[in-house]
Amino acid sequence: MRFVIPGPLPGLNEYIEAERSNRHAAAGMKKKTQHFIGAVARSQHRKARFTNPVIMHYIWIEKDRRRDWDNVVFARKFIQDAFVDAGILIDDGQKYVLGFTDRFAIDPKRPRVEIEIVEVKK
């Protein structure tokens, strides 16, 4: 099952900057971002629910090459937590997320994150 989240999403540098500016800013950023991701994901697949372990394949599509990839993939934390909050994943711990892959691309007109979730049957 594939989800497409419009981006760019906050990266590690933005999160650290928010944490340093105000102790509530980072928590607010995480909550707002997760709510957005969950709403978008649910609008694409209303009844999605994975009960078996999964492998998640990410394609991080940025508008340019300014951000380092390791900064960009920090948003994986927001995505997986949002999928748990939305009921798409049971949990994002090692028992339910067996692994993930990352690929990267540039699209100046439509930055986004594409996530393919592959369920692993028990």
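A residue counts as buried when its relative accessible area is under 20%, as exposed when over 50%, and as partly exposed in between (1.4 Å probe, protein chains only). By this rule Asn71 is buried, with a relative accessible area of 6%. The model described here is predicted: local features need pLDDT of at least 70, side-chain atom pairs count only at pLDDT 80 or more, and totals for chains, interfaces and linings use all residues. Residues are numbered from 1 along each chain as its sequence is written, and side-chain values use heavy atoms, with hydrogens and water left out.

Asn71 lies in helix 3 (residues 69–72). Helices (H or I, at least four residues) and strands (E, at least two) are DSSP runs, numbered from the N terminus. Contact means heavy atoms within 4.5 Å. Not counting residues up to four places away in sequence, Asn71 touches Gly11, Leu12, Asn13 and Glu14. Glu14 is 57 residues from Asn71 in sequence, yet their C-alpha atoms are 8.9 Å apart.

Two packed helices are described by the angle between their axes and the distance between the axes. Axes are lines fitted to C-alpha atoms, for helices over the stretch in contact, and angles run from 0 to 180 degrees between N-to-C directions. Helix 1 packs on helix 2 at about 140°, with the axes 6 Å apart. The pair is therefore oblique. Angles under 35 degrees count as roughly parallel, over 145 as roughly antiparallel, 65 to 115 as roughly perpendicular and the rest as oblique. Helix 1 contributes Glu14, Tyr15, Ala18, Glu19 and Ser21, while helix 2 contributes Ala25, Ala26, Met29 and Lys30. By class, five of these residues are nonpolar, one is polar and three are charged. Here Ala, Val, Leu, Ile, Met, Phe, Trp, Tyr, Cys and Pro count as nonpolar, Asp, Glu, Lys and Arg as charged, and the others, Gly among them, as polar.

Helix 2 (residues 25–44) also packs on helix 4 (residues 76–85), at about 60° and with the axes 8 Å apart. This angle makes helix 2 oblique to helix 4. Lys30, Thr33, Gln34, Ile37, Gly38 and Ala41 of helix 2 meet residues of helix 4, including Phe78, Ile79 and Phe83.

Helix 4 is largely enclosed by the rest of the structure, because seven of its ten residues are buried. They are Arg76, Phe78, Ile79, Gln80, Asp81, Ala82 and Phe83. Their packing partners are strand 1, helix 1, helix 2, strand 2, strand 3 (97–106) and strand 4. Just after helix 4, Gly87 takes a positive phi of about 80°.

The largest nonpolar core holds 29 residues, of which Met56, Ile79, Phe83, Ile115 and Ile117 touch the most other members. Such a core is a set of buried Ala, Val, Leu, Ile, Met, Phe, Trp, Tyr and Cys residues joined through side-chain atoms within 4.5 Å. Helix 2 gives the most to this core, with five residues. Leaving aside neighbours within four places in sequence, Ile117 contacts Met1, Phe3, Phe50, Val54, Ile55, Met56, Phe83 and Ile88.

Phe50 lies in the loop between helix 2 and strand 2. Phe50 is buried, with a relative accessible area of 7%. Another loop, between strand 1 and helix 1, holds Pro8. A cis peptide bond joins Gly7 and Pro8, with omega about 5°.
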